[in-house]
Amino acid sequence: MQDMEKQEAQTAQQDQQPVETAAAGAAEQAAPAEPTLEDKLAAAEARAAEMQDAFLRARAEGENIRRRAQEDIAKAHKFAIEGFAESLLAVKDSLEMALKIENASLESLKEGVDMTLKQLSSAFEKNKLQEVSPQAGDKLDPMKHQAVSAVPAEQEANTVVAVLQKGYMISDRLLRPALVTVAQGK
């Protein structure tokens, strides 16, 4: 009887072994295989190559933007006075036409000069070039006026007596100060 029990136990054990090995094989197939070091290295190298490519593209784009900005600045400097020069062409044309007239009377020359001055004033106005011409009695403004001399006068000290030469401003920047004589202190 013991022999039979031993045989049954062995048979049951043998029946369980294929089930255990089959379960272990199924577990190995169900769990993902861990990547090898070579696979990890290849993935890291591919990612590094992608990052290097992205870096080089971004760097090239930055260089292109910088180059375009430098070209724009150079063009702005080169053609900054284009509008002003264009408005002065009419003035030059008027002066040249006046010189072509052979038998011009004093009246026609005066009229032509007056029209030319109007064209020039219009060009100045269009391009924000403003006169600095203080009136007699105005206080001396050292930011806009340059005192050439001080003369005795019947007005307050450091006030404008006469304007010798008009000054000019372009937008808010002084281009040339007005040359003036001022009243001397009493």
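The largest pocket of this predicted model has a volume of about 260 Å³, a volume being the space filled by probe spheres set on grid points joined across faces, edges and corners. A pocket is an open set of points, on a 1 Å grid over the protein atoms alone, where a 1.4 Å probe fits, with protein on both sides within 12 Å along at least five of seven lines; lining residues have an atom within 4 Å of a point. The lining comprises 13 residues, of which Ser94, Ala98, Gly112, Val113 and Thr116 lie nearest the centre. Helices α3 (82–100) and α4 (106–126) each supply at least two lining residues, and α4 gives the largest share, seven residues.

The chain has four helices and six strands, taken as DSSP runs (helices H or I, at least four residues; strands E, at least two) numbered from the N terminus. Of its 186 residues, 11% count as buried, that is, under 20% relative accessible area with a 1.4 Å probe, protein chains only.

The largest nonpolar core consists of six residues: Val132, Val160, Met169, Ala178, Val180 and Val182. Such a core is a set of buried Ala, Val, Leu, Ile, Met, Phe, Trp, Tyr and Cys residues joined through side-chain atoms within 4.5 Å. Strand β6 (residues 178–183) contributes the largest share of this core, three residues.

Residues are numbered from 1 along each chain as its sequence is written. Local features need pLDDT of at least 70 and side-chain atom pairs count only at pLDDT 80 or more, while totals for chains, interfaces and linings use all residues; side-chain values use heavy atoms, with hydrogens and water left out.

Conventions
Buried means under 20% relative accessible area, exposed over 50%, partly exposed in between (1.4 Å probe, protein chains only).
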